[in-house]
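Thanks for coming, everyone. I'll keep this brisk, so please have the viewer open and follow along.

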Amino acid sequence: MNMTYTTQMNAARQGIITKEMEAVAAKEQMDVQKLRQLVAEGKVAIPANKLHTCLEANGIGSMLKTKINVNLGTSRDWKDLDMELEKVNDAVKMGAESIMDLSSFGDTQKFRRKLTSECPAIIGTVPIYDAVVYYHKPLKEITSEEWINIVEMHAKDGVDFMTIHVGINKNTAKRFKENKRLTNIVSRGGSIIFAWMEMTGQENPFYEHYDRILDICQQYDVTMSLGDACRPGCLADAGDISQIEELVTLGELTKRAWEKDVQVIIEGPGHMPLNQIEANMKIQQTVCQGAPFYVLGPLVTDIAPGYDHITAAIGGAIAATYGASFLCYVTPAEHLRLPDVNDVKEGIIASKIAAHAADIAKGIKGAADWDYEMSTARKNLDWEEMFRLCIDPEKAKRYRAEAKPEKEDTCSMCGNFCAVKNMNRILDGEIVNIYDE
Ligand code: SF4
């Protein structure tokens, strides 16, 4: 049998089972042939650049466990590479399947290469940011060729997926200008490429030269993450003409990528009222033919800076229940500053809770077992087992230690009134006095 292939999708379409498919099928407790079929159809992506040899592969698709991504990287105001690496290591330990390096300052290539040579998580980047740093010149002087060269550089550096803001072409930009929004374009990459198009009068280079971008992605097996430049930045802009217009373009671009066996994920909102999320997920799945959906939230209200890990987790849980398969974490620092180590931790925990809640609702194999085990430990007042099963054992242990109960088997919430303890005892035929115990 011919065992040569370009991308995971190309292999799947030839009937080849790759070692990455084997690994993903084992993690997901899924028949590998079923997984292969989903990869062949584009419903599951396995981002796995051939040069990222230390990768522990994961699959992204709505029938698999919901995955989370953690954004990190340097900025002009935050240049500490070691701190960013510490965050990467923490994120991986805490179970983030993917890290996006959004560095926009300093020696970005050094950091990127370090990630793809040492980090087992999926690595994603946004080449648009890097181009601005790399070329060290005014935005409008960057040429189409130079934008594309950066994509190739990231592919050669072993990046598994790249966000490319290809959907904001001249047509989408025109519709955007005709249909005023409250918060315009809030996507960093989207705003850069829109400004470049306005200043140069040229078509989006990623759109104009899309076939070349696809050839690069095919050569290295980079998964295309089709960026949503027009993702709503506030509830008032959710589901508007710009967002839907861009989504339709992304649907067309998905088909073209699949024709070259390039894997695709689609990026999504953004800020969105809770009651619009389900419909939005369904539209995306129809327009983009079931390609995995990667959501940045959605944040279900605009009024909670400092708590946007919660607004995003609410939206993320609903989005993943109705079709999204990849959640980009949001930290309490969102809209305020670059997250510190603690913000990163809180953002990851919130996203993992959202992902897990959705996995239970979707009936993902094994998801509810975790909760069953926790409830069993709770019923048995087995505190060590409860800590072992906690999503954040460190915090749980600290809380309990900070308020020592009089009776070791209960907690300081109810003490002698502990319903769990009293029910266990009465059902065992014991006397329950409560007041003098
Ligand atoms: S004391 Fe109250 S909160 Fe604590 S374990 Fe017992 S029932 Fe639960």
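This is a predicted model: local features need pLDDT of at least 70, side-chain atom pairs count only at pLDDT 80 or more; totals for chains, interfaces and linings use all residues.

Let's start with the overall fold. Eight strands form a closed barrel, in the order S1-S2-S3-S4-S5-S6-S7-S8, and the pairing is parallel.

Now look at S1. How many of its residues are buried? Six of the six, so S1 is largely enclosed by the rest of the structure. Follow the side chains along the strand. Lys67, Asn69 and Asn71 point one way, and Ile68, Val70 and Leu72 point the other way. All of them are buried.

Which strands does S1 pair with? On one hand there is S8, parallel to S1 and joined by three bridges. In that pairing, Lys67 stands opposite Phe326 of S8. On the other hand there is strand S2, residues 98-101, also running parallel, with four bridges to S1. Here the bridge partner of Asn71 is Met100.

Next, the core. The largest nonpolar core has 106 residues. Which of them touch the most other members? Ile99, Val264 and Leu327 do. By element, H15 gives the largest share of this core, with seven residues. Zoom in on Val264. Beyond four places in sequence, its contacts include Gly42, Ala45, Thr223, Met224 and Leu226. Thr254, Ala257, Trp258 and Ala291 are also in contact with Val264.

Now to the annotation. UniProt, in an unreviewed entry, places the feature "binding site" at His271 and His335. These two are spread over 65 residues of sequence, yet they cluster in space, with a largest C-alpha distance of 12.3 Å.

Take His271. It sits in the loop between strand S6, residues 264-268, and helix H13, residues 274-287. Buried or exposed? His271 counts as buried, because it has 25 C-beta neighbours inside 10 Å. Leaving aside neighbours within four places in sequence, its contacts include Pro232, Gly233, Cys234, Leu235 and Ala238. Gly297, Pro298, Leu299 and Asp302 are in contact with His271 too.

His335 lies in the loop between strand S8, residues 326-328, and helix H15, residues 341-362. His335 counts as partly exposed, because there are 14 C-beta neighbours inside 10 Å. Outside four places in sequence, His335 is in contact with Pro305 and Asp308.

Stay with S6 for a moment. S6 pairs in the parallel sense with strand S7, residues 293-295, over three bridges. Glu267 stands opposite Tyr294 in S7.

Now some backbone geometry to check. Most residues other than glycine have a negative phi, and most peptide bonds are trans. So where are the exceptions? The peptide bond from Pro269 to Gly270 is cis, with omega near 20°. Gly270 lies in the loop between S6 and H13, and that loop also holds His271. The peptide bond from Gly297 to Pro298 is cis as well, with omega near -15°. Pro298 is in the loop between S7 and helix H14, residues 308-321. Remember that Gly297 and Pro298 are both among the contacts of His271.

Then the phi values. His136 is not a glycine, but its phi is positive, about 50°. His136 sits in the loop between helix H6, residues 127-135, and helix H7, residues 144-156. His136 is exposed, because 6 other C-beta atoms lie within 10 Å. Leu381 also has a positive phi, near 50°. Its loop runs between H16 and helix H17, residues 383-389. Leu381 counts as partly exposed, with 17 C-beta neighbours inside 10 Å.

Last stop, H16. Ala367 is in this helix, residues 367-379. Ala367 counts as partly exposed, because it has 18 C-beta neighbours inside 10 Å. Ala367 and Ala357 are 10 residues apart in sequence, and their C-alpha atoms are 8.6 Å apart. Beyond four places in sequence, Ala367 touches His356, Asp359 and Ile360.

That's the tour. Questions are welcome.

Terms used. Residues are numbered from 1 along each chain as its sequence is written. UniProt positions are given in the numbering used here, feature names are shortened, and annotations may be inferred rather than shown by experiment. Helices (H or I, at least four residues) and strands (E, at least two) are DSSP runs, numbered from the N terminus. A residue is buried if 20 or more other C-beta atoms lie within 10 Å of its own, exposed if 12 or fewer, and partly exposed in between; C-beta atoms are placed from the backbone. Two residues are in contact if their C-beta atoms, placed from the backbone, lie within 7 Å. Two strands pair if DSSP finds at least two bridges between them. A nonpolar core is a set of buried Ala, Val, Leu, Ile, Met, Phe, Trp, Tyr and Cys residues joined through C-beta atoms within 7 Å.
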